[in-house]
Amino acid sequence: MNKRQENLVEFLLETPQATIEQIASRFQVSSRTVRNDLKELNLYLSSHNLLPIEVSRGRCICDESFTQIRDLLNQEQLYTFKLTAQERIQIASCILADSEGYMTLADLADRLIVSRQTIIKDLPDIKRLLAASSLEVESKANRGLLVLGLESKKRTLIANTYKQASAMGRKYLGHTLVDSHLLKKIVFEQEKQFDTYLTDTSFEELVRYLTIAVSCIKNNHLLMPADVSPLQNRSYRMAQEIFHYVSQYADLVVNSNEIQALSEVLASCQLISRPPTSSNYLKTQLLTRRFIEKLSIDLGVNLNKDYEFFENLSNHVLSVLTGEEPAYPDSSLLSDLMDRNSSGYQSCLG
């Protein structure tokens, strides 16, 4: 599998119903090349007993099992990639800090795909690095190593390591179960709601923190009162709203300590000035969510957790409020149908 096909996998994981034309535009290749890449992906999926990607009317249909391909590719890449000694020590420290309990040297060696002897050699440096983050290593015979200290210190260590690590090094950290694409959309939405816009660097750092926080919460690694300041700051309300929607769409329960910690991260972010957000955008968010809530009750189906449904519907509502035509993806098939049925199309718009 070449680099483009690996990138295609990531794109399909984020957009499982992408059209052939969307993919071709995204990677600047022809539709034929996209179809050939999909054939190669399907051969790979078949070799691992996973269902193939189907194409219906120019749109990809990925089975739920398709998400397993990320783990398969990560594992294959890790076996062929060698960490530097410094990066290995940093990542080993994070793996220990993120562990749910005691971890043996053998288990840590397996995670890093190195020998147990290598871990023994690295251990003094691992302990020094953890100590620099105000974390302590407890060692027990027949049980292994356990990192003691505040959860906030552990997350800071993981976030800093993630920022410094190479792309391949980040794969060892294991914080890939959370859809960062979804988190970016939620933060972007709340920037508009609060007319508070982050610089690109601060935006990426906030999303990185959220990715780690959500992963930790899902693993029941929760912040305690000692991890945060007891005083609410000016960013608390925005943090509360971000976590409200993260909880809704990522299906997790968040305590007040998590909100306070996120508000502290927000308060440290650098801001930029932008024109005030249109009131139509704010109305759209409110109307769409209220409609989905009522629709869920009427149908007896919970649609409140489907962000893609909310996003598509809110875009449509916004087009109605502003009188602008929705921005649909370019499609030769759609264009052809519209040309042959122009009167019907115009009557629908009118």
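**Cavity and cysteines**

Guide: The structure holds one cavity of 30 Å³ or more, a cavity being a set of points on a 1 Å grid over the protein atoms alone where a 1.4 Å probe fits but cannot get out. Volume here is the space filled by probe spheres set on the points, which are joined across faces, edges and corners. This is a predicted model, where local features need pLDDT of at least 70, side-chain atom pairs count only at pLDDT 80 or more, and totals for chains, interfaces and linings use all residues. Residues are numbered from 1 along each chain as its sequence is written, and side-chain values use heavy atoms, with hydrogens and water left out.

Visitor: What volume does the largest cavity have?

Guide: About 30 Å³.

Visitor: And which residues line the largest cavity?

Guide: Gln248, Tyr249, Arg289, Ile292, Leu303, Asn304 and Phe310, counting residues with an atom within 4 Å of a point. Helix H12 (236-250) and helix H14 (279-299) each give two or more residues to that lining.

Visitor: Is Cys60 buried or exposed?

Guide: Buried, at 0% relative accessibility; the cut-offs are under 20% for buried, over 50% for exposed and partly exposed in between, with a 1.4 Å probe and protein chains only. Cys269 is buried too, at 11%.

Visitor: How much of the whole protein counts as buried?

Guide: 41% of its 350 residues.

Notes
On a 1 Å grid over the protein atoms alone, a cavity is a set of points where a 1.4 Å probe fits but cannot get out, and a pocket is an open set with protein on both sides within 12 Å along at least five of seven lines; lining residues have an atom within 4 Å of a point. Helices (H or I, at least four residues) and strands (E, at least two) are DSSP runs, numbered from the N terminus.
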